[in-house]
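Morning, everyone. Please look at the model on the screen while I talk. I will go through helix packing, then the rings.

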Amino acid sequence: MTALGLASVPDGPQPTLSIGAVLAKLKPEFDDVSISKIRFLESEGLVTPQRTASGYRQFTHADVDRLRYVLAAQRDHYMPLKVIKDQLDAIDRGLEPDGTTARLPRALQAAPGPELPAFAGRSPVRMTRKELLAESGLDNNQLRELESFGLVQPGSSGYYDADAALMATTIGELVEAGMEPRHLRPFRTAADREATLVSQLVAAQARQKNPDARERAEQQAAQLATTLMRLHALLVKAGIRRELGG
């Protein structure tokens, strides 16, 4: 179960329930639920059960948790279905609703330590532009400028992933301290050079035919990048001390 009470969807086939069995599970907690109400929630797009060849609905346990979330939001918070649907959409994209505003999961709200995020794969988090602006504190013009510099970019789907969200949030802190997006262009240039250097160092291993070679190359790249980050931090620290006469 997630912090929001919705079960994560496991890989592989899931056991299914008939609409009657779903009603039996929900009825003890929600007196007014009925088969017609479950069908209505389905028609509104709040739950999407599978269908057999004969057209019978087949609900997974994740569907039941989803219905429980909807019914509790209606009963306990008097939320309209549109708001609930927006919240469910946020959950589906890996976000954590807060009232009517979707936020990043708490684990992504803090800046990372010296360890880099995993290189392989992408986070399931998908944020809209509006959500990214709210999370980062940037305004639309600032984000547009960052995008023009290649510092923050949405994916092909138009959503922003966890890396882009964390990048925008980090830059938002610098902007709040007085920096402007144009001041950050050299960081992108330097990072591209470092990325090229690291890629060259692990290229031989990445080209091996062993199926585990790419994973080892990614691990080595992460270690090298972390070392470069530490070197960069030490150089900045030394430079600040010189500037301040320390």
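Helix α6 passes helix α8 in a right-handed crossing. Right-handed means the near helix is turned clockwise from the far one by less than a right angle, and left-handed means anticlockwise. This is a predicted model: local features need pLDDT of at least 70, side-chain atom pairs count only at pLDDT 80 or more, and totals for chains, interfaces and linings use all residues. Residues are numbered from 1 along each chain as its sequence is written, and side-chain values use heavy atoms, with hydrogens and water left out.

Back to the pair. α6 is residues 129-136 and α8 is residues 162-176. Their angle is about 40°, and their axes are 8 Å apart. Helices here are DSSP runs of H or I, at least four residues, numbered from the N terminus. Axes are lines fitted to C-alpha atoms over the stretch in contact, and angles run from 0 to 180 degrees between N-to-C directions. So α6 and α8 are oblique to each other. Under 35 degrees counts as roughly parallel, over 145 as roughly antiparallel, 65 to 115 as roughly perpendicular, and the rest as oblique.

Who touches whom? From α6, Leu-132, Glu-135 and Ser-136 make the contact with Ala-164, Ala-165, Ala-168, Thr-169 and Gly-172 of α8. Contact means heavy atoms within 4.5 Å.

Next pair: α3, residues 61-77, and α4, residues 81-92. Their angle is about 140°, with axes 10 Å apart. They are therefore oblique to each other. α3 passes α4 in a right-handed crossing. Among the α3 residues that meet α4 are Tyr-69, Val-70 and Ala-73. On the α4 side, they include Ile-84 and Leu-88.

How do α2 and α3 cross? α2 is residues 35-43, its axis comes within 12 Å of that of α3, and they cross at roughly 100°. That makes α2 roughly perpendicular to α3. Lys-37, Ile-38 and Leu-41 of α2 contact Leu-67, Val-70, Leu-71 and Gln-74 of α3.

Last, the rings. Arg-126 lies over the face of Tyr-159, at 4.9 Å from the ring centre. Over a ring means NZ of Lys or CZ of Arg is within 6 Å of the ring centre and within 35 degrees of the ring normal.

Key. Helices (H or I, at least four residues) and strands (E, at least two) are DSSP runs, numbered from the N terminus.
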